[in-house]
Amino acid sequence: MKNGWIEFLFGKVTVKVSGRGIERFLNILTRNGLLIWNVRRHGTETITFKMRLKDALIIRKFARKSGCRIAFLQRSGVPFLVKRLLKNSGFLIGIGVFFMLFLFLSNVIWGIEIKGAKPATEHKIRQELDKMGVKIGKLQFFVDNVEAIQRKLTNNIGALTWVGVELKGTTYHFQVVEKNEPKKPETLSPRNLIAKKKAIIVGMYVENGQQVVNIHDHVEPGQLLVSGEIGMEGKTQQVAAKGEIWGETWYKSHVELPLNSSFKVFNGNIEEKHYLKIGNLEIPFWGFGKSKFKEYETETNEHQIQFLKWSLPISIENKTIREREEITRNYDELQAEQIALEMAKKQIKKHLDEEAKIKDEKILQRTIKDGKVILDIHFKIYENIAIGKPISKEIHE
Amino acid sequence: MAKKWGQQIRNWMAKKMDLPQDVAMDLPRITMIGQIHIYIENHKGLLTFTDKELRLLLKQGQLLIKGKSFVIKTILPEEILLEGKIDQVVYINENQGGAK
């Protein structure tokens with residue numbers, strides 16, 4: 001017996017032998033290649049020893065001839081352990097169920113924490129999250145990943161400038177930055193209002209200050225519109241001029257629009273595939289085979305499986321494959337012109353304040369060249385042209 | 001394994017040390033570790049085993065080991081490893097009337 005482990009693996013049995021001629025019996029056993037160890041004598045007619053399970057099964061054959069009685073006392077080793085384990089398989093099942101439950105619960109969303117938001121915004125965020133399916137008690141696999149949640153939140157809630165989404169274990173943490181932070185009170189230091197653009201004044205509304213221009217006046221950029229100095233000459237007083245000066249301004253815009261253009265769009269056909277990913281190995285368990293789409297884009301969404309606070313190197317991966325299609329858009333000249341005009345308007349509006357209005361537009365030039373419509377458009381716009389300019393001390397003195 | 005190794009050693013010793021070829025005579029080789037272990041190769045079978053006495057059959061005569069609390073750790077057809085407290089190791093020659 002060089003190594004007890006082999007015997008342990010295959011099982012060993014303690015055998016009690018009683019009767020006469022035990023020594024002879026032992027000799028027979030050893031000569032027949034049965035391994036025996038730990039032979040002990042108990043009293044005059046009894047010995048015990050250990051032997052392999054394999055040998056114990058054939059010992060009776062020898063015992064019959066020798067006239068010794070044998071009994072098996074103790075069984076140990078893997079075969080017996082397995083037997084017992086099977087008998088008490090409830091334990092095994094229990095352990096399995098326990099781990100499965102743990103694994104399951106480790107992947108459930110247990111908390112949503114929102115920081116830095118006003119109650120109203122927080123409520124909105126929660127509603128939005130609900131819509132997305134981010135709820136307490138949901139499985140993390142069926143929820144978008146962190147980047148997607150962040151993108152959707154910022155897109156769908158106007159009041160948010162930025163939201164940081166973090167998944168820590170089973171809790172989602174949202175760090176919110178809101179757009180309308182408390183407004184700083186307007187500086188009320190003495191100031192003038194000056195024109196920011198070349199314009200013709202079409203309307204005035206002065207709240208505070210001395211107006212120095214009139215309707216229909218033509219003003220240049222930087223020209224004084226409303227003075228912050230009021231009162232009689234000599235007894236002047238400096239105030240912060242406040243008001244709106246509406247001026248007519250002009251913009252030129254140049255747009256080009258191809259008549260025929262082709263671009264790629266998703267046509268709505270999607271295929272979904274699910275994989276179990278262990279390390280770098282992907283095992284598909286739903287959605288087999290190659291994609292039948294000719295042109296497609298793949299979006300991958302990976303969820304790592306959590307166990308308590310650790311991430312296992314196992315993840316569930318969903319792949320969404322969207323079919324792409326190329327379509328060609330054709331406009332006739334009239335349509336193209338209309339659309340180009342709309343484009344130009346949109347472009348102009350980007351540069352203007354929200355209050356500004358497009359009063360009039362005039363197409364100065366229209367050419368069709370190389371399959372493109374080229375428009376030069378002149379816009380007439382009414383907008384607030386007044387901006388504040390602090391009255392500097394030097395001027396005062 | 002041990003037996004082979006032992007035989008090799010014996011062969012080598014016999015050659016190098018110019019000993020007579022007693023290896024071929026099937027003599028037992030006995031190794032003792034203090035009082036606690038005794039390892040006998042080349043025995044011819046077990047005659048008696050109690051916790052105070054072990055009697056082995058040899059090709060010529062018998063070997064009697066006396067002591068206390070004997071346990072046979074391993075027994076193979078030609079080898080035996082005995083554990084316990086060994087007091088005496090006695091050769092019994094057949095012509096002197098050993099039991100057989």
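Reply: Helix α6 of chain A covers residues 89-106, which makes 18 residues. From its first C-alpha to its last it reaches 25 Å, close to the 26 Å expected at 1.5 Å a residue; the expected span is 1.5 Å times one less than the number of residues. Helices (H or I, at least four residues) and strands (E, at least two) are DSSP runs, numbered from the N terminus. The model is predicted: local features need pLDDT of at least 70, side-chain atom pairs count only at pLDDT 80 or more, and totals for chains, interfaces and linings use all residues. Residues are numbered from 1 along each chain as its sequence is written, while chains are lettered from A and ligands numbered from 1 in the order in which they are written.

α6(A) is hardly covered, since the count of buried residues among its 18 residues is 0. A residue is buried if 20 or more other C-beta atoms lie within 10 Å of its own, exposed if 12 or fewer, and partly exposed in between, with C-beta atoms placed from the backbone. β4(A) does have a partner: strand β1 (residues 12-18) of chain A pairs with β4(A) in the antiparallel sense over 7 bridges, and Ser18(A) has Arg69(A) as its bridge partner in β4(A). Two strands pair if DSSP finds at least two bridges between them.

For chain A as a whole, buried residues make up 16% of the 397 residues. Its secondary structure comes to 10 helices and 22 strands. Among contacts in chain A between residues at least 6 apart in sequence, 67% join residues at least 24 apart. Two residues are in contact if their C-beta atoms, placed from the backbone, lie within 7 Å.

Two sheets of chain A may be described next. In an open sheet of 3 strands, the order is β5-β7-β6, with mixed pairing. β5 (111-115) and β6 (160-168) of chain A stand at the edges with a single partner strand each, so one side of each has no neighbour in the sheet. Neighbouring strands here are turned by 20° against each other on average, direction ignored. β5(A) runs parallel to strand β7 (residues 171-178) of chain A, and 5 bridges join them; Ile114(A) has Phe174(A) as its bridge partner in β7(A). Helix α7 (residues 119-132) of chain A lies across β5 and β7 of chain A, at about 135° to β7(A). Such axes are lines fitted to C-alpha atoms, for helices over the stretch in contact, and angles run from 0 to 180 degrees between N-to-C directions.

The other open sheet has 4 strands of chain A in the order β17-β16-β19-β18, with antiparallel pairing. Its edge strands, β17 (281-286) and β18 (296-307) of chain A, each pair on one side only. The twist averages 40° from one strand to the next. β18(A) pairs with strand β19 (residues 310-330) of chain A over 11 bridges in the antiparallel sense, and Glu317(A) in β19(A) is the bridge partner of Glu302(A).

Chain B has 1 helix and 6 strands, running α-β-β-β-β-β-β from the N terminus on. Of its 100 residues, 21% count as buried.

Where the chains meet, 12 residues of chain A are in contact with 14 residues of chain B. On the chain A side, α2 (22-31) and β2 (36-42) of chain A are the elements that give two or more residues, and β2(A) gives the most, with 6 residues. β2(A) also pairs with β5(B) in the antiparallel sense over 3 bridges; there, Ile36(A) has Ile75(B) as its bridge partner in β5(B).

A nonpolar core is a set of buried Ala, Val, Leu, Ile, Met, Phe, Trp, Tyr and Cys residues joined through C-beta atoms within 7 Å. The largest one has 29 residues, and among those with the most contacts inside it are Ile36(A) and Leu56(B). Strand β5 (residues 62-76) of chain B gives the most to this core, with 5 residues. Apart from it lies another core, of 14 residues, including Leu129(A) and Phe174(A).
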